[in-house]
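Let's take a walk through this two-chain model, starting with the overall make-up and ending with a few individual residues.

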Amino acid sequence: MDLVRSAWAENPEGRDPAPEETLAVETQQETKNNPFDGVVTNNSKALQHVYSAYGISLAILLAYALVVSFRLARYRTGRES
Amino acid sequence: MKRYFDWEHGLLLIGLALLGWGCSRGLFGVPAEVFMQEIFRIFFLHVPTAWNSLLIGTVAFVAAIGTLLTRSRRWDAFLEASVEVTLVLIIMVLIQGSIWGHGGTWGDTWWEWEPRLTASAVMALSFAGVLSLRSFLEQFDRRATWTAVATIVAYVDVPIVYLCVKWMPGLHQKQSTPETVSDIYHWPLRANAIAILLIAIWLIVRRARLTLARDAARADQPLPEAPQPGLIAGGD
């Protein structure tokens with residue numbers, strides 16, 4: 001997470017980085033041999049991905065919790081009857 | 001009908017409250033990171049889930065040792081529950097990471113065969129393998145022993161997942177620590193980490209109770225009639 005810290009130190013207000021910012025250019029140069037393209041620009045697409053990640057994760061947790069709870073309740077009621 | 005309100009529900013309530021606060025801060029409260037921008041908000045769920053997957057994997061390892069030493073049904077139930085919860089968490093981590101990568105951070109790719117991702121996938125397959133192996137074994141002693149040994153073998157990958165970003169730097173960033181993350185991001189991250197830990201403990205306890213209840217229900221059932229010796233020998 002060095003990227004986050006250094007980036008935050010350069011940009012404490014959370015403003016959008018200007019294209020000519022040195023850090024962004026350096027990052028793109030450092031990673032030119034891999035798929036990371038340095039600066040994410042399509043924020044509406046990014047937000048869709050963020051909400052998908054949160055939604056899918058919470059759905060998995062909820063589904064697992066429900067399956068365990070229903071099976072446990074069934075065994076417990078089965079033993080009482 | 002007897003009403004059950006087990007102690008672990010208190011942990012769940014605290015966990016859900018913390019998760020709600022942490023996610024709302026992470027999604028709407030803190031500013032976006034300067035390079036990754038909005039897609040970075042997955043960080044507040046992905047990193048705590050990853051931490052907890054490794055932690056609960058370590059709990060499973062301890063439970064495996066406990067099972068081998070004690071051969072008790074409680075340890076075995078605890079082991080099965082912790083392996084299963086580890087698998088759920090690591091699957092969540094893989095999905096979150098894949099979405100993060102596809103969201104623009106690593107281009108439009110869902111998957112890269114780089115060390116951290118590969119080691120995490122191996123961890124998921126290993127823990128799934130433990131549960132699969134367990135499902136084939138009926139007799140308690142064999143099931144408990146084989147599950148414990150398989151869990152210890154599967155656990156070998158957990159430190160590799162944690163350390164591979166140091167040993168074999170790839171696309172994935174290094175470990176996130178308070179020193180490497182901006183101060184403003186600390187509390188949502190901590191809240192979600194504690195929240196997921198509490199929810200994981202709740203899931204482990206519920207899942208262990210389920211195993212114990214299932215075993216008790218099977219013990220209550222009458223044993224099947226013993227087959228006739230002649231049938232085993234071939235009917236003569």
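## Chain A at a glance

Of the 81 residues in chain A, 33% are buried, where buried means under 20% relative accessible area, exposed over 50%, and partly exposed in between (1.4 Å probe, protein chains only). Chain A has three helices and zero strands, so its pattern along the sequence is simply α-α-α. Helices (H or I, at least four residues) and strands (E, at least two) are DSSP runs, numbered from the N terminus. The accessible surface of chain A is about 5,000 Å², with 55% of it belonging to carbon and sulfur atoms; accessible areas come from the Shrake-Rupley method with a 1.4 Å probe, and for residues only the protein chains shown count as cover.

A quick word on ground rules: this is a predicted model, local features need pLDDT of at least 70, side-chain atom pairs count only at pLDDT 80 or more, and totals for chains, interfaces and linings use all residues. Residues are numbered from 1 along each chain as its sequence is written, chains are lettered from A and ligands numbered from 1 in the order in which they are written, and side-chain values use heavy atoms, with hydrogens and water left out.

## Chain B at a glance

Chain B has eight helices and one strand, running α-α-α-β-α-α-α-α-α from the N terminus. Its C-alpha atoms fill a box of roughly 80 × 45 × 30 Å along the principal axes.

Buried residues account for 55% of the 236 residues in chain B. Chain B exposes about 11,200 Å², and carbon and sulfur atoms supply 67% of that. Take the contacts (heavy atoms within 4.5 Å) in chain B between residues at least 6 apart in sequence: 77% of them join residues at least 24 apart.

## The nonpolar cores

In soluble globular proteins, nonpolar side chains tend to be buried together. A nonpolar core here is a set of buried Ala, Val, Leu, Ile, Met, Phe, Trp, Tyr and Cys residues joined through side-chain atoms within 4.5 Å. The largest one has 41 residues, and B:F43, B:V85 and B:L203 have the most contacts inside it. Helix α3 (43-80) of chain A supplies at least two residues of this core, as do α1 (8-29), α2 (43-70), α3 (73-102) and α7 (186-220) of chain B. The largest share, nine residues, comes from α7(B).

What does B:V85 touch once its neighbours within four places in sequence are set aside? It is in contact with A:Y64, B:I56, B:A200, B:L203 and B:I204. There is also a second, separate core of 24 residues, which includes B:L54, B:I90, B:L94 and B:M123.

## How α4 and α5 of chain B pack

Two packed helices are described by the angle between their axes and the distance between the axes. For helix α4 (residues 115-135) and helix α5 (residues 140-155) of chain B, the axes come within 9 Å and cross at roughly 170°. That makes α4(B) roughly antiparallel to α5(B). Angles under 35 degrees count as roughly parallel, over 145 as roughly antiparallel, 65 to 115 as roughly perpendicular and the rest as oblique. Axes are lines fitted to C-alpha atoms, for helices over the stretch in contact, and angles run from 0 to 180 degrees between N-to-C directions.

On the α4(B) side, the contact uses B:S126, B:F127, B:V130, B:L133 and B:R134, which meet B:R143, B:W146, B:T147, B:A150, B:T151 and B:A154 in α5(B). These residues divide into six nonpolar, three polar and two charged (Ala, Val, Leu, Ile, Met, Phe, Trp, Tyr, Cys and Pro count as nonpolar, Asp, Glu, Lys and Arg as charged, and the others, Gly among them, as polar).

## Two helix residues up close

B:R143 sits in helix α5 of chain B and counts as buried because its relative accessibility is 6%. Beyond its neighbours within four places in sequence, B:R143 is in contact with B:R73, B:D76, B:R134, B:L137, B:E138, B:D215 and B:R218. B:R143 and B:R73 are 70 residues apart in sequence but 11 Å apart in space, C-alpha to C-alpha.

B:F78 lies in helix α3 of chain B and is partly exposed, with a relative accessible area of 26%. Leaving aside neighbours within four places in sequence, its contacts are B:V59, B:A63, B:I204 and B:A208.

## Two loops with positive phi

Most residues other than glycine have a negative phi, and most peptide bonds are trans. B:Q37, not a glycine, has a positive phi of about 60°. B:Q37 lies in the loop between α1 and α2 of chain B and is buried, at 8% relative accessible area.

B:R71 also has a positive phi, near 55°, in a residue other than glycine. B:R71 is in the loop between α2 and α3 of chain B and counts as partly exposed, at 40% relative accessibility.
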